[in-house]
Amino acid sequence: MTVAAMSFAVFAASQVGTPGPANMALLATGARYGFRAALPFVAGVALGKQLIIWPVGFGLMELADRAPWVFQTLKWVSAAYIIWLAWKVSQLRLGASDPSAAAPGFVAGLVVHPLNPKAWAMIVAGFTGFVSPGTDAVIATATIGGILLATQVLFHPLWTLAGDRIARTLAGTRAEPYLMYTLAALTVASVLFVLFGGGT
C-alpha cells in the first residue's frame, strides 16, 4: 500500500520535460511576450494540473469506468480546442504589433492542463501504474501531485525561457513566420500522438 515515488518521478520528468501541448504553449508564450511577462502564465499552467490530479485521486476514475463516453467526449473536445489554439499561435508574430496586447495571465494558464489530453493520460497512468491497490487516497494523491508539481516548477520555466531566447534571435526576420508555423505544427503533432499513438 504505497506509491512508487522514485519510479514515478522518473516517469514524470520524462513526460513533463518533453514536447506536448502545454510545453508548446509555454514556448510560444515566451517567444511572443518574453520570459518575465509570461511568468504568471507559467505559474497557472503548473498549478492547473492539480485541478485534474485531486479529482482523479478521489474517485473520478470510478466515473470513467461507469461512463467512459464522457471522457472520450472530453478528450476530443479538448484536442479540438488545443488545435484551435495552435492555429492562433501560427498567426502570431513576435514583434510588438499591438502595444496594448498583454501576455496571458495566471487564470489563462490554469485551464491549459485541464484541456490537455496529454496531462489526463499522464495522471491516469500515474495512479494506475505507480500506486499500489489499497493505498490511502490522500497519500497517493499528495504524492502524485507533489512530484508532478516539482517537475513542472523545473521544466515549465525552461520551455518558456527557450521561447524567449528563440524570439530574440528570430524576431523580425524572414524565419519568424516559419518559427510560429513550426510551434503550431508541433502542438498539433503532440495532440495527435496522444490521441492516436498511445503516448502519455
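A residue is called buried when its relative accessible area is under 20% and exposed when that area is over 50%, with partly exposed in between (1.4 Å probe, protein chains only). By this rule, 40% of the 200 residues of the protein chain are buried. The model is a predicted one: local features need pLDDT of at least 70, side-chain atom pairs count only at pLDDT 80 or more, and totals for chains, interfaces and linings use all residues. Residues are numbered from 1 along each chain as its sequence is written, and side-chain values use heavy atoms, with hydrogens and water left out.

The protein chain has 9 helices and 0 strands. Helices (H or I, at least four residues) and strands (E, at least two) are DSSP runs, numbered from the N terminus. Contact means heavy atoms within 4.5 Å. Among contacts in the protein chain with a separation of 6 or more, 89% join residues 24 or more positions apart.

Helix 1 covers residues 5–16. The expected span of a helix is 1.5 Å times one less than its number of residues. For the 12 residues of helix 1 this gives 16 Å, and the end C-alpha atoms are 16 Å apart, which agrees. Phe8, Phe11, Ala12, Gln15 and Val16 are the buried residues of helix 1. Seen down the axis, they fall within an arc of 120°, so they line one face of the helix. The arc is that of the directions from the helix axis to the C-beta atoms. Met6 and Val10, on the other side, are exposed. The cover over the buried residues includes helix 2 (21–33), helix 7 (117–130) and helix 8 (137–170).

A nonpolar core is a set of buried Ala, Val, Leu, Ile, Met, Phe, Trp, Tyr and Cys residues joined through side-chain atoms within 4.5 Å. The largest holds 19 residues, of which Phe8, Ile123, Phe127, Ile144 and Leu148 touch the most other members. Helix 1, helix 4 (50–66), helix 7 and helix 8 each supply at least two residues of this core. Helix 7 gives the most, with 6 residues. Apart from this core lies another, of 13 residues, among them Ala22, Met24, Val42 and Val45. Not counting residues up to four places away in sequence, Ile144 touches Val3, Phe8, Ile53, Gly126, Phe127 and Val131.
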